[in-house]
Amino acid sequence: MILTGPAIAAAVAAGEIAIDPFEPARLSPNAYDWRLGETLRICASDLDAAAPTPFAEVGIPAGGLVLQPDVLYLGVTLERTGSERYAQMLNGDRTTGALGIWVHVSAPLGHAGHAIRWTLEIRAARPVRVYPGMTFGKLVFLQTFGAPASYQQHGLKYTATDGIDISRLYEEIPGGGA
Amino acid sequence: MILTGPEITTAVRDGRLRIAPFESGQVNPNSYNVRLGPTLLTYTEPVIDAHRPNPTTTTDIGPEGYVLQPGELYLGHTLEEVGSDTFVPLLFGRSSVGRLGLFVEITAPIGDIGFHGQWTLMLNPVRPLRVYPGMKIGQIMFFVSVGPVDLYAGKYQAALGPQPSGYWRDQAGTGAVA
């Protein structure tokens, strides 16, 4: 089951959900409307799952930055969010989608125990100008079923990320990391 | 409600879920990591026709990996057979794979209660990307359902290997295509 906006507010007040910074006006009927951070990593080369991804990091100027199709951008949410109790799903909103922007590449789930600024995987269908701090998507919170398990106890890769993380899949592939 | 990792493990043990092969090391706080199978299908005609069977060619991913090209659609598959007569499965990419710019499904994350088999992956990279057989590529999560269950009995039941679109079969039933 998905938390309503008032239920998210109550969970923030009770300390069961952390959203920082938290602005009550960004609560929508069943989500929190998160914002795009100020930095992008541009990945425009050939990639290999067994090797770290080369990238160039740029700030998004106040006047905006034009995203180009066929380039992979890694961005970051302005907010850090976390919950030991609820799982999270991050998606774009319909306004972003109507601009032809994907905010993740088929990986929306945040496991219970995440406490992160989310790395975004941004792709544009057409050239489109984006701005730092713009409202970019919705974050929903899901009740869980069964005994809890926290991401923090799993020894997983991105437990407390505070910026943009490139993929660390190469750590899992034999001979990777070259 | 979304199942926790411990509940996924319990449900595999008591039969409410089937994941084969099952490795406890692939359980996350709210999902299970599935691996990329060795077979890829690509459509060979320049235009895919929704109303007709589309010829395909098969590629085996060797241990040295295989480079996926942007602009091409690859149908892959999970190594695991996954299904449940109780819970609703959703398949997404892993964030580590999203950060490599690889779409693992195309607007179709939701599975059916009662489907059992290998899941077809719809692979489309933003940048050229080398992938490897057996790499952990996606995550399947499970949701508690509400209401009486009418089990899946559709055209992809018991799938092994990647399945091309069977839309034409539904059309054939209406007499639109011989």
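Modeller: Two strands pair if DSSP finds at least two bridges between them. Strands here are DSSP runs of E, at least two residues, numbered from the N terminus. This is a predicted model: local features need pLDDT of at least 70, side-chain atom pairs count only at pLDDT 80 or more, and totals for chains, interfaces and linings use all residues. Residues are numbered from 1 along each chain as its sequence is written, and chains are lettered from A in the order in which they are written.

Colleague: How do you know that strand 6 and strand 11 of chain B pair?

Modeller: Three bridges join strand 6 of chain B to strand 11 (residues 129-131) of chain B. Pairing needs at least two. The two strands run antiparallel. B:Leu68 stands opposite B:Leu129 in strand 11 of chain B.

Colleague: What makes strand 5 of chain A an edge strand?

Modeller: The open sheet has the order 5(A)-11(B)-6(B), with mixed pairing. Strand 5 of chain A and strand 6 (66-68) of chain B each have a single partner strand, so one side of each is left without a neighbour in the sheet.

Colleague: Why are strand 15 of chain A and strand 1 of chain B called paired?

Modeller: They share two bridges, in the parallel sense. At least two is the cut-off, so they pair. A:Thr144 stands opposite B:Ile2.

Colleague: How many residues does each chain give to the contact?

Modeller: Chain A gives 43 residues and chain B gives 39 residues. Contact means C-beta atoms, placed from the backbone, within 7 Å. Strand 12 of chain A gives the most to chain A's side, with three residues.

Notes
Two residues are in contact if their C-beta atoms, placed from the backbone, lie within 7 Å. Helices (H or I, at least four residues) and strands (E, at least two) are DSSP runs, numbered from the N terminus.
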